[in-house]
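Me: I would like to learn how to read a protein model one feature at a time. Could you take me through this one?

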Amino acid sequence: MSTRELTSGSEILDRLGVRPIINAGGPNTKHSGSKPRQEAMDAMSAMSEVFVNIDELLLAAGKEIASLVGAEAATVTSGASGGLVVQAAAAVSKDDPAIIERLPDTSGIPNELVIQKPQRFVYDHLYLTPGTKFVEAGDASGCTPDQLKSAISPNTAGVIHLESPFRNRGTVQLPQAAEIAHAHGLPLLADGASMLPPRDNLRKYVSEGADLVSFSGGKAVRGPQSTGFLIGKPEWVEYARLVNAPNATIARAQKVSKEEIAGLLAALRAFVDENEESETESYRRDMEMVLDRIVEIPGIDASIQHNYDHYIPHVVVKLTDSWRGPDGLELARRLMLGEQRVYVVSGYIGDREIWVDPLNIQPGELEIVAARLHEELVKAAGE
Ligand SMILES: *Cc1c(COP(=O)(O)O)cnc(C)c1O
């Protein structure tokens, strides 16, 4: 056997001239997602030693995911985003081979997806990949059941529902949206990618009536960054599988390797086995440590938040009316400068807030995060 010299991650970055970051901003794709569990890395390496028929592997992996999460059926996708493409395609093609083959050509067949206007979101154009179109229901301030119903026509293929922080206030909630879709013979296609933990959500949306729910394998599940999975009703999971890679379809570019499939299964098994209460407690203790360092700084309102909008305990720093320093975007930019670059959540929550998300903070980094935050806030408070 040849001996290999293992190269560390920082050596690889050094050679490329790219500087690492401390990730206190959660599983954002542009900042590397999350740290894959050791179980996932081991499974990927082990899987690289064998060959298999990918269709057979995907069917078996889907069964295993379903049994792990206590659902009827599931299948693997390329990220939660890949799941959105496949959901939309499945709504149009179902199990019709001729339609599966001709997508994104949807001429002459129902190709509209109804979406509640306040639920429009940054990734929603993925739903348009298979030649589909949106019909918006309601307006920016909300959507009523009647508005949702009246957006449905003979040309509708499905109804979309987003479960995500800050996105479904004033909208028709999932159980009722599913009822409306089903009354018209349509599937309810849900995106739950940002809603894990709590682990209960793995089952919740399907039990509330969703036909397909898209989740990410590369966020808190901590599988390979490129993976995701759909959970749902058996017939709809099968339609999704038929139109997904490795078949020569609209989703062929979304292939997931056998190594990634094995990594996802291992990560998901570890994720569902974890004790959520002690995990939450540990995140909360970490966030209390950060909070203690900054809570006295004048002009800010800092607290720990763990609720629908914050999937695990976060430190939320709000800039109050008495704050005279720069806005949240500028604070986040400054935290990314210097010797130790710290990435925090900013931007999509407006320019008066920054958040610290503990998911990706590695042992030894918490102190640095607290110190850098303290340093930049104190400096900015004096400006
Ligand atoms: C993260 C996210 C996605 C994309 O998930 P990937 O696994 O990164 O593709 C889609 N929708 C929502 C609501 C998300 O939060």
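Predicted model: local features only at pLDDT ≥ 70, side-chain atom pairs only at ≥ 80, totals over all residues.

Me: Where is Arg-222 found, and what is its phi?

Reply: The general idea is that most residues other than glycine have a negative phi. Arg-222 sits in the loop between β7 and β8. Its phi is positive, about 65 degrees, although Arg-222 is not a glycine.

Me: What is the phi of Ser-32, and is Ser-32 buried or exposed?

Reply: Ser-32 is a residue other than glycine with a positive phi, near 80 degrees. Ser-32 belongs to the loop between β1 and α2 (38-47). With a relative accessible area of 54%, Ser-32 is exposed, because the cut-off for that word is over 50%.

Me: What about the bond from Leu-196 to Pro-197?

Reply: That peptide bond is cis, with omega near -20 degrees. Pro-197 lies in the loop between β6 and α8 (201-207).

Me: Now the sheets. In what order do the strands of the seven-strand sheet stand?

Reply: The general idea is that strands of a sheet pair through backbone hydrogen bonds, either parallel or antiparallel. Here seven strands make an open sheet, ordered β2-β8-β7-β6-β5-β3-β4, and the pairing is mixed. At the edges are β2 (73-77) and β4 (133-137), each of which pairs on one side only. From one strand to the next the twist averages 25 degrees.

Me: How many bridges join β6 to β7?

Reply: Strand β6 (residues 188-191) and strand β7 (residues 212-216) run parallel and are joined by three bridges.

Me: What is the strand order in the open sheet of five strands?

Reply: The order is β1-β11-β12-β10-β9, and the pairing is mixed. β1 (22-24) and β9 (300-307) stand at the edges with a single partner strand each, so one side of each has no neighbour in the sheet. The twist averages 35 degrees from one strand to the next.

Me: In which sense do β9 and β10 pair?

Reply: β9 pairs with strand β10 (residues 310-319) in the antiparallel sense, over seven bridges. Asp-301 stands opposite Lys-318 in β10. Helix α12 (residues 328-335) packs on the sheet, where α12 touches β10, β11 (342-347) and β12. The direction of α12 makes about 165 degrees with that of β11.

Me: How do I describe two helices, and at what angle do α3 and α10 cross?

Reply: Two packed helices are described by the angle between their axes and the distance between the axes. The axes of helix α3 (residues 54-69) and helix α10 (residues 258-273) come within 10 Å and cross at roughly 10 degrees. That angle makes α3 roughly parallel to α10. Among the residues making the contact are Ile-54, Leu-57 and Leu-58 of α3, and Lys-258, Ile-261 and Leu-264 of α10.

Me: Ala-270 is in helix α10 too. What does Ala-270 touch?

Reply: Leaving aside residues up to four places away in sequence, Ala-270 touches Arg-37 and Glu-39. Ala-270 is buried, with a relative accessible area of 16%. The C-alpha atoms of Ala-270 and Ala-40 are separated by 9.0 Å, although these residues are 230 residues apart along the chain.

Notes: Residues numbered from 1 in each chain as written. Heavy atoms only, no water. Pairing = 2+ DSSP bridges. Helix = DSSP H or I, 4+ residues; strand = E, 2+ residues; numbered from the N terminus. Axes fitted to C-alpha atoms, helices over the stretch in contact; angles between N-to-C directions. Parallel < 35°, antiparallel > 145°, perpendicular 65-115°, else oblique. Contact = heavy atoms within 4.5 Å. Buried < 20%, exposed > 50% of the residue type's maximum accessible area, 1.4 Å probe, protein only.
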